[in-house]
Amino acid sequence: MNNIVFENVCKSYGKNTIVKDLNMEIKEGERLILLGPSGCGKSTTLRMIAGLEKITSGSLHMGGRCVNEVECGDRGVSMVFQNYALFPHMTVRENIIYGLKANKVDKNEIETRLKDAIKMLELGGLEDRKPKELSGGQRQRVALARAVVKKSDYFLLDEPLSNLDAQLRLRARKNLVNIHEIYHQTLVYVTHDQIEAMTVGNRVAIMYQGNMEMVDTPSNVYNHPASVFCAKFIGSPSMNISEAAYDAGRLYFQGKEIALPDMWSRLIAECGTKELYMGLRPEHMILSAKKTEDSVEGVIKYVEDYGNSYGVYVEIGNEEFIAITSGNFPMQGEKVYVKIDFEKLHIFRRDTEKSIGYPQEIMNLRRTLPDAFAQ
């Protein structure tokens, strides 16, 4: 099986530990996205898979064998870099087949793979051009073609779309998914762009400060974030997070209080702490000019017009929350009431910033109506 298994893997440079005690399995044939901010360790993790970085401690297994001491060229990987790394003196054709010629692949086989890659990535007519004669999108496709023709078991990509504009990125994402669906390589893709992660990946691995925060499906990292960091990193605008305290069935935050349903009270009682964070995504905050039993009062401070919706900044107590709405709402400076939808609520421990989980009633509902909770 062409899976990848990290067992207690660490990577350090002197006293600086970049990747900390990583344990993770990347399944054969899946598209796993390594997602996180700059400096979190995601590119280092990819480079350890490629054999471009030595492992400080722990073990890395690929295809059932330990590859700690296996050279890059013997791991069966293809890699696409952020800067494409094309040879400037070579034509498109020569760049694509360079690795095949170096490995002495049969000439007829080289020609067959070349034609297939050029057709797949729409490079017809560009075969004799040099990289300087190509646009950014064309260079990116040449880099992908060079990786594709190798037909490697492992396809590694380090932020390959970061230099492209929005329209080209959309098209390139479709190309990547199409390539994977044809060849079914084990694909590992590094990005800091959550849209790429959510649209390309079968699973998303979120890294932060060298730690693996969460590995799950795009739907679960959005709907069931494992930590405050995951909750805020996924989603745009990011989740509203506020300090809260629990006592006798009531949640207190920013000088307000709301009565919690029993399903949440039971779960909070089990977690063993009353010092919490509460989270609500902007699109799950319901605004109204009228007070209801499950709402808290705020004041509208600022409004952003997104064209098809509005970002409404509401001051509750001493903190600003943002709500996304397409409906009517009071004007700037006026009172507004924010309804707490307990089925969309997120609760985290304040000491560890980890999620306390979700009531079984909510989990059952989400399994029954998954589309209602999609991003």
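Glu159 lies in the loop between strand β7 (154–158) and helix α5 (166–183) of this predicted model, helices (H or I, at least four residues) and strands (E, at least two) being DSSP runs numbered from the N terminus. With a relative accessible area of 11%, Glu159 is buried, where buried means under 20% relative accessible area, exposed over 50% and partly exposed in between (1.4 Å probe, protein chains only). The phi of Glu159 is near 45°, a positive value in a residue other than glycine. The model is a prediction in which local features need pLDDT of at least 70 and side-chain atom pairs count only at pLDDT 80 or more, while totals for chains, interfaces and linings use all residues. Residues are numbered from 1 along each chain as its sequence is written, and side-chain values use heavy atoms, with hydrogens and water left out.

Most residues other than glycine have a negative phi, and most peptide bonds are trans. Tyr84, a residue other than glycine, also has a positive phi, near 75°; Tyr84 is found in the loop between β6 and α2 and counts as buried at 6% relative accessibility. The peptide bond from Ser236 to Pro237 is cis, with omega near -5°, and Pro237 belongs to the loop between α8 (228–233) and β11 (240–247).

Thr91 is likewise placed in the loop between β6 (77–80) and α2 and, at 13% relative accessibility, counts as buried. Leaving out residues up to four places away in sequence, Thr91 touches Glu127, Asp128, Arg129 and Lys130, contact meaning heavy atoms within 4.5 Å.

The axes of helix α2 (residues 92–102) and helix α3 (residues 107–120) come within 10 Å and cross at roughly 140°, the axes being lines fitted to C-alpha atoms, for helices over the stretch in contact, and the angles running from 0 to 180 degrees between N-to-C directions. The contact is made by Arg93, Ile96, Ile97, Leu100 and Lys101 of α2 and by Ile110, Glu111, Arg113, Leu114 and Ile118 of α3.

Asp21, in strand β2 (residues 16–26), is partly exposed, with a relative accessible area of 45%. Apart from neighbours within four places in sequence, Asp21 is in contact with Asn8, Val9 and Cys10, and a polar contact of 2.9 Å joins the side chains of Asp21 and Asn8. A polar contact is a pair of N or O atoms within 3.5 Å; within protein, one must be able to donate a hydrogen and the other to accept it, and residues adjacent in sequence count only if both atoms are side-chain atoms.
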